[in-house]
Amino acid sequence: MIEIENVRKSFGPLEVLKGINLTVPKGEVLTIIGGSGSGKSTLLTCINGLEGIDSGRIVVDGTDVHAKSTDLNKLRRKLGIVFQQWNAFPHLTVLENVMLAPRKVLGLPKAEAEAMAVKQLTHVGLGEKLKVYPNRMSGGQQQRMAIARALAMSPEYMLFDEVTSALDPQLVGEVLDTLRMLASEGMTMICVTHEMKFAREVSDRVAFFHKGVMAEIAPPEELFGAPKDPELQAFLAATH
Ligand SMILES: Nc1ncnc2c1ncn2[C@@H]1O[C@H](COP(=O)(O)OP(=O)(O)OP(=O)(O)O)[C@@H](O)[C@H]1O
Ligand SMILES: [Mg+2]
């Protein structure tokens, strides 16, 4: 379970998270929507400890992410994160790229790391691309490789930050299908997305961020069907 309690975060004079409260239980698929600069990416980077927070707490399975005593490397094994773009190592094959973290971070022997990488690449539909170099793959394939790479660490939670927004429209579907598959398998996921149809279909709950505040959170049928917050109403009207 991920517990976010009254989290505040500023960059200099700009308060980007203004007291966020949110609990994500195991197995939930939560999507976060909201305008540019509303604090969505910042929240994800705070959850996995890439960024510090000014006050409040983020607790993952009982571990306070920002406590001094917390072993962040250990915690991050639980929290897979995939961004808009991931720069693979161009001189390594897809398989070698995906094996890297299990070998270096988990210390798995080569054969085990390879077996895990093959398993996850096959899972995301890239079983035929093991020996290919990343620059020979489409954007959608590269994003699925990035997802396989995160999955190869056997995470319990996955954080996705606009993983389709750098893609050509015809490639978006294959990546969203991969996310749908993970959701249907019971992965606990927080997905920041601009894909409203996807959010509506896949989410247990959808959270709307506006200027550092979580202005509304509700199951998708409620949030999209009967939005209460005026800013959310305006946001949805503009994105339709
Ligand atoms: N490292 C940083 N240093 C200074 N300001 C930052 C930093 N990271 C983010 N910000 C600012 O914090 C605010 C929130 O940024 P954030 O990236 O969380 O927004 P977002 O909701 O993810 O937006 P988008 O939809 O455009 O990705 C923005 O005004 C941004 O400029
Ligand atoms: Mg962002």
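I'll start with the sheet: six strands, open, in the order β6-β7-β8-β3-β9-β10, and the pairing is mixed. Please keep in mind that this is a predicted model.

As a reminder, strands of a sheet pair through backbone hydrogen bonds, and they can do that parallel or antiparallel.

Which strands stand at the edges? They are β6, residues 79-82, and β10, residues 213-218. Each of these has a single partner strand, so one side of each is left without a neighbour in the sheet. Going from one strand to the next, the twist averages 15°.

Now one pair in detail. Strand β7, residues 157-161, and strand β8, residues 188-192, pair in the parallel sense, over 5 bridges. If you want to find one of them on the screen, look at Phe160, whose bridge partner in β8 is Cys191.

Next, the helices on this sheet. Helix α6, residues 169-184, packs on the sheet and touches β3, which is 29-34, as well as β7 and β8. The direction of α6 makes about 150° with that of β8. Helix α5, residues 139-151, lies across β6 and β7. Relative to β6, helix α5 runs at about 165°.

Last, a single residue, Thr42. You will find Thr42 in helix α1, residues 40-47. Is Thr42 buried or exposed? Its relative accessibility is 12%, and the cut-off for buried is under 20%, so Thr42 counts as buried. What does Thr42 touch, not counting residues up to four places away in sequence? The contacts are Lys9, Phe11, Val16 and Leu17.

That's my part.

Technical notes. Residues are numbered from 1 along each chain as its sequence is written. Chains are lettered from A and ligands numbered from 1 in the order in which they are written. This is a predicted model: local features need pLDDT of at least 70, side-chain atom pairs count only at pLDDT 80 or more; totals for chains, interfaces and linings use all residues. Side-chain values use heavy atoms; hydrogens and water are left out. Helices (H or I, at least four residues) and strands (E, at least two) are DSSP runs, numbered from the N terminus. Buried means under 20% relative accessible area, exposed over 50%, partly exposed in between (1.4 Å probe, protein chains only). Contact means heavy atoms within 4.5 Å. Two strands pair if DSSP finds at least two bridges between them. Axes are lines fitted to C-alpha atoms, for helices over the stretch in contact, and angles run from 0 to 180 degrees between N-to-C directions.
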